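Dear colleague,

I am handing over the structure below, and I would be glad if you could look through it before reading my notes on its salt bridges.

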Amino acid sequence: MRLVVRLSNMYRRVLAVALGCIGPGAAYGATGFLARLLYRLLEPVRTRAESQCRAALGKRMDDCDIAVLAEHAFVHRVWNLTDLMLADRFLHPGTFHRYGGQIPEPFRGVLLDAQHRRHPVILVTAYYGPFDLLPLFLGYNGVRAAVAYRPHRNPGFDAYRLRIRARSGCELVPVERAAGRFAQVLAEGGTVALVADHHAERRGLPVTFLGLPTTAMRSVALLAQHYSASVGVAGIRRVGNAFRFEIVVSGILHQHEWASAADPAARITDFYLRALEQIILADPVQYLWTHARWGEEAAQQLADSDGAPSRHATPR
């Protein structure tokens with residue numbers, strides 16, 4: 001196992017150098033080609049992606065378009081690694097704005113003002129687009145946040161990814177320590193950020209997401225209520241295949257807006273879920289459809305009931 005890890009780390013270093021040398025366009029082209037080949041070989045992955053995509057978007061898209069979208073979404077998932085490797089070379093304090101890394105106004109001003117006043121803020125995002133780069137862009141925009149992340153099982157790759165994501169000043173907090181650290185940051189009037197499109201297996205709040213029933217984690221609402229925090233929802237998407245991005249903000253819910261609700265927790269949760277839906281539906285090809293968003297049991301049921309064998313999509 002140690003040999004496998006060492007070889008994978010060596011391969012990652014060589015790949016990072018190669019992608020940086022050939023440039024973004026060729027890098028995305030090469031990794032996209034490999035991703036499509038891999039997708040067509042992995043039938044369980046293809047079945048899950050298409051079945052979840054069809055269940056959520058079937059009323060909005062033709063069936064043949066679902067297959068194309070699911071494949072291209074897998075390519076975008078692989079491109080997350082490409083983004084990271086290119087970011088190591090191209091994204092710096094003096095260059096990030098060239099690649100679309102500015103947080104749009106007035107949201108950037110709201111975040112910086114809250115930071116100045118020591119008003120707690122919870123930023124919520126989804127497994128959408130190059131989400132790994134959000135901490136990097138937050139820091140370069142002057143927003144210092146504690147960001148929850150799930151450590152990779154390969155310590156070498158985890159250290160590499162952590163170095164890039166944290167170099168603009170954000171604090172990356174492992175998920176197992178996030179609850180305690182987030183409480184400290186919010187109590188001090190700081191900003192925290194997390195991916196919140198998870199299915200809560202236990203003690204979740206019954207909701208719908210993209211039209212399908214699920215349970216949402218209560219932590220966002222509980223933290224907001226306890227620390228009187230504002231809740232903002234944002235995502236990042238790729239623009240073309242030339243290492244350009246767009247940070248999209250679908251709203252911010254201030255404390256006085258949720259405090260007067262009959263059920264503040266339900267109000268906060270519904271707000272951020274609907275805001276995430278808005279981001280995803282604007283360009284669903286960048287959502288991670290292989291992620292069991294509605295739970296593993298639901299993902300398996302959707303795959304089992306999907307009917308005909310998965311079709312190969314035509315690349316676009």
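This is a predicted model: local features need pLDDT of at least 70, side-chain atom pairs count only at pLDDT 80 or more; totals for chains, interfaces and linings use all residues.

Residues are numbered from 1 along each chain as its sequence is written, and side-chain values use heavy atoms, with hydrogens and water left out.

Taking a salt bridge as a side-chain nitrogen of Lys or Arg within 4 Å of a carboxyl oxygen of Asp or Glu, the count comes to 15 salt bridges. One of them joins D88 to R167, with the closest N and O atoms 3.0 Å apart; since D88 lies in helix 4 (residues 63-90) and R167 in the loop between helix 7 (155-166) and strand 3 (171-174), the pair ties together parts that are 79 residues apart in sequence. Helices (H or I, at least four residues) and strands (E, at least two) are DSSP runs, numbered from the N terminus.

R165 and D132 also form a salt bridge, at 3.7 Å from N to O, and this pair links R165 in helix 7 with D132 in the loop between strand 1 (121-125) and helix 6 (134-140), 33 residues apart. Both R165 and D132 are buried (under 20% relative accessible area, with exposed meaning over 50% and partly exposed in between, for a 1.4 Å probe and protein chains only), whereas D88 is partly exposed at 23% and R167 is partly exposed at 28%.

Finally, E50, R54 and D63 are linked in a network of salt bridges.

Best regards
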